[in-house]
Structures are given as structure tokens and as C-alpha cells.
Amino acid sequence: MKFNVLTWILMTIAPAVAQERVAHQINVDGVINPVSAEYIIGAIDRAEEAEAEVLVIQLDTPGGLMKSMHDIVKKILASEVPVAVFVGPSGSRAGSAGVFITMAAHIAAMAPGTNIGSAHPVTVTGQQDTSDVMMEKIINDAVASIKSVSEKRGRNAEWAERAIRESANITEREALKEHVIEYVVPTVDSLLSVIDGKEVEVLSGKKILKTRGARIEIFDMDFRQHFLDILSDPNILYILFLLGISGLGLELYNPGSILPGVVGGICMILFLFSVQTIPVNYAGVLLIIFAAVLFLLEVKIPSYGILSIGGVISLIVGSIMLIDSPLPFLQISWKVILGATITFSAFFIFAVSLAIRTHRKKPTTGREGLIGELGVAIDDLNPEGMVEVHGEIWKAVAEKRVKPGQTVMVTAVDESHLKLSVKPNKQ
């Protein structure tokens with residue numbers, strides 16, 4: 001009887017467990033770069049391995065790098081799991097590279113109060129081709145790519161072309177009317193409800209979605225990806241560069257400090273990593289290094305502030321030129337530039353000068369520490385006798401005759417014979 005009851009329970013529960021459906025979700029909030037591309041591609045692989053019903057990419061981006069965008073689009077088109085891009089929550093946008101990613105998705109949806117568009121390509125270095133031939137090639141390539149993707153997904157290819165050629169930008173309601181997206185929904189839960197039963201085509205063939213009531217598993221960036229994503233921020237890149245120069249500069253000026261050199265070296269290595277994801281103008285790099293040199297010279301050469309003024313100007317101009325891109329989301333904040341300029345200038349003028357003063361400070365111990373010290377003659381130094389210096393009795397040789405009790409100054413130390421050279425101290 002117990003066996004029959006247990007069997008009945010297992011037979012009742014097993015179908016329910018087997019029928020549990022899972023939807024994966026990731027949140028992309030920021031610039032499309034190699035780190036976010038790795039995050040999205042990894043999420044697609046994970047969803048395929050878990051046989052998830054759908055992968056939802058909640059997207060809010062101003063755009064990003066073309067290379068990273070192409071990697072994401074290629075992965076979505078080759079995915080075995082349906083990918084739904086949801087531009088949300090309210091107030092979000094899918095700009096530039098975000099348009100391509102949205103158009104490539106099996107399902108495209110937007111939340112109320114969002115917008116999509118402005119996909120006109122911009123050369124990442126900001127350099128203009130005087131013949132306009134290269135820019136025309138880039139635009140034509142982007143148009144062909146997005147039209148191909150839009151037609152494959154049955155979306156409005158003409159609007160997609162306008163988004164590139166004319167930087168067209170539309171709201172979620174307009175996008176729905178123009179057949180750029182399929183749904184306008186407030187949340188991911190509501191999206192899963194409305195797409196239930198929809199047929200989509202993945203790489204291996206057609207698939208009917210069964211997403212109503214599916215359990216949502218959210219996967220955030222892991223620590224490594226989050227850390228690398230932070231390093232891809234232009235403001236962080238700028239601060240790392242200044243810290244690297246400051247640390248290495250102080251170490252070179254005062255060898256043996258160790259800590260500034262270690263910190264500076266680490267910051268410079270992290271800066272070099274960031275350069276792989278953000279275009280850097282090396283003229284700006286050289287101007288910032290030149291500013292550091294001018295600050296160092298100010299400490300050693302009395303220029304009445306001229307070198308410091310030149311250093312500040314060089315630092316500000318170099319900071320403005322450092323990021324070689326016209327894209328607003330790849331620019332360094334003016335607040336960061338002004339704050340860093342003040343801090344960086346103060347560091348080199350005060351911290352480095354303090355290190356130099358410490359380096360030049362007269363020794364107070366050992367042989368060098370005795371030179372210039374005052375003592376009292378115990379004997380009649382004519383020329384040799386005994387003197388007391390810092391409570392210690394020393395043999396001494398005087399340059400001129402010194403009477404007992406007279407104050408003397410140490411001029412040299414003969415360590416081999418433990419003898420001091422002294423002279424009468426003129427008070």
C-alpha cells in the first residue's frame with residue numbers, strides 16, 4: 001500500500017517538474033564594448049546549454065563599438081535559443097549599436113517611454129576622410145547589414161536604413177506602428193505572457209515559444225566582467241593614467257619609495273587594458289606626460305610659477321584630447337578633468353617637493369650626522385685632545401688652539417681612528 005501511494009505521488013509530481021519552463025534574463029545597461037559583448041555571447045551559450053525557452057536581453061544603451069556590435073549580432077543570428085530584446089525599463093533607449101542588436105533579435109519589444117534609433121555610424125577615432133569615400137563605404141556597409149537583418153526578421157528595413165542615413169529616432173509607439181518592433185509592454189513578465197505560443201525561427205528551424213508562467217532566472221555580470229566593464233569607462237581610464245604617472249614619477253624622483261612605484265605600475269597596466277576598448281589620442285598622452293615633467297622642473301628650477309602654469313595648461317589640453325572620439329558617451333566629464341587637474345597639480349608641486357626636501361635633509365645619524373654638530377673641549381686642544389659631543393667623549397684634532405670648556409664645531413670624522421676634526425665655534 002505504501003509503495004502504491006509513493007508511486008502515485010511521484011507520478012503526479014514528475015510531469016509538473018518536467019514541464020517547468022525557464023526563461024533567462026540579462027541586463028545590459030551602458031556602452032556596447034568587448035566586455036558587454038562577452039557578457040551577451042556567454043548568456044546565449046548558457047541559455048542554449050540550459051535549453052531555456054527564451055533569453056531576454058533588457059537593453060538600455062547609447063551605442064558602442066561596431067566590432068562588439070557585429071559579434072553580438074552574429075551570435076544572435078546563429079543562436080539555437082530564441083533571443084528577445086526588451087528596451088526597458090521606461091526612460092531607456094536603444095541607440096546606434098543598440099538598433100542593430102534589437103533588429104537582429106527574434107523578438108523585439110519596448111517599454112513605454114523609450115526610444116530607438118540614431119544609428120548613423122561615426123568613425124571611432126573622430127578623423128574625417130576628406131574625400132568622404134571611406135565614410136560612404138562605412139554607411140553603405142552598415143545599411144546593407146541592417147537591411148539584411150531586418151528583412152530576415154520581417155521588420156521595417158526602410159526605417160532601419162533611415163536610422164543609419166538620417167539618424168532617425170522614434171518612440172516605442174512609433175516603432176510599433178512602423179513594424180520596427182512587435183510589442184510594447186511594461187515589464188519582462190508581461191513580455192513573456194504575450195509571446196507565449198509565438199513561432200520563431202532559430203538556427204535549427206522553427207520553434208513555438210512556451211513562456212507563460214515561465215520561471216525567470218536573471219544572470220548579472222560576474223565580478224571579472226563587472227571589473228573590466230568599469231575599466232572601460234573613459235573617466236576611469238583617465239584617472240588610472242594620472243595615478244600611473246604620479247606613482248611612477250614619484251618613484252623615479254625618490255627611488256626606494258616602493259609603494260608609489262607599485263601603485264603607479266598597476267595603474268599603468270590597467271590603463272593599457274582600457275586603451276584596448278577606448279580609442280586614445282597619443283598626442284593627449286604626451287601632453288599629460290609633459291605636464292608632469294613641467295611640474296617636476298618647477299620643484300627644482302625657480303621659474304616664479306611659469307613652469308606650473310605651463311603644466312596646468314598642458315594637462316588640461318591633454319585631458320581634452322586624450323579620448324580620440326566624437327561620441328559623447330566616450331568623452332571624459334569636465335568635472336573629472338577639473339578635479340583631476342587640481343589634484344594632479346597639487347600632488348606634483350607639494351608631494352614631490354616634500355620628497356625632494358626629505359632627500360636633501362641633513363642626516364642626523366652616523367658619520368654625516370656628526371658633521372656640523374657642536375661640542376665642548378675637555379682638554380686643551382693644541383692641536384689634539386678630548387671633546388664631548390652629544391654626551392660622548394671623542395678624540396679630536398683642532399684647526400686652531402682651543403681652550404678647555406670652549407665650544408667647538410665638528411668639521412670631519414676620521415672613522416678609521418675614531419677621531420674628529422673640530423674648529424672653534426664662533427658665537
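User: How many helices and strands does the secondary structure of the chain come to?

Analyst: This is a predicted model, in which local features need pLDDT of at least 70, side-chain atom pairs count only at pLDDT 80 or more, and totals for chains, interfaces and linings use all residues. Residues are numbered from 1 along each chain as its sequence is written, and side-chain values use heavy atoms, with hydrogens and water left out. Helices (H or I, at least four residues) and strands (E, at least two) are DSSP runs, numbered from the N terminus. On that basis the chain has 15 helices and 16 strands.

User: What percentage of the residues of the chain count as buried?

Analyst: Buried means under 20% relative accessible area, exposed over 50%, and partly exposed in between (1.4 Å probe, protein chains only). The chain has 427 residues, and the buried share is 43%.

User: At what angle do α4 and α5 pack, and are they roughly parallel or roughly antiparallel?

Analyst: Axes are lines fitted to C-alpha atoms, for helices over the stretch in contact, and angles run from 0 to 180 degrees between N-to-C directions. The axes of α4 (residues 97-104) and α5 (residues 133-153) are 8 Å apart, at an angle of about 30 degrees. Angles under 35 degrees count as roughly parallel, over 145 as roughly antiparallel, 65 to 115 as roughly perpendicular and the rest as oblique. The pair α4 and α5 is therefore roughly parallel.

User: Which residues of α4 make the contact with α5?

Analyst: Contact means heavy atoms within 4.5 Å. On the α5 side the residues include Ala142, Ile146 and Arg153. From α4 the contact is made by Val99, Phe100, Met103 and Ala104.

User: How do the residues in the contact of α10 with α11 divide into nonpolar, polar and charged?

Analyst: The axes of α10 (residues 234-253) and α11 (residues 259-275) come within 7 Å and cross at roughly 145 degrees. Among the residues that meet are Leu237 and Glu251 in α10, and Gly264 and Phe271 in α11. Ala, Val, Leu, Ile, Met, Phe, Trp, Tyr, Cys and Pro count as nonpolar, Asp, Glu, Lys and Arg as charged, and the others, Gly among them, as polar. The division is 13 nonpolar, six polar and one charged.

User: Which residues touch the most other members of the largest nonpolar core?

Analyst: A nonpolar core is a set of buried Ala, Val, Leu, Ile, Met, Phe, Trp, Tyr and Cys residues joined through side-chain atoms within 4.5 Å. A second, separate core of 31 residues includes Leu237 and Phe344. In the largest core, with 48 residues, the ones that touch the most other members are Ile116 and Trp159.

User: How far apart in space are Ser118 and Ser167, C-alpha to C-alpha?

Analyst: Ser118 is in the loop between β6 (115-117) and α5, and Ser167 is in the loop between α6 (157-165) and β7 (169-171). Ser167 is one of the residues in contact with Ser118. They are 49 residues apart in sequence, and their C-alpha distance is 3.9 Å.

User: Is Ser96 buried or exposed?

Analyst: Ser96 is in the loop between β4 and α4. Although not a glycine, Ser96 has a positive phi of about 50 degrees. Its relative accessible area is 17%, so Ser96 is buried.

Notes. Lists of a residue's contacts leave out its neighbours within four places in sequence.
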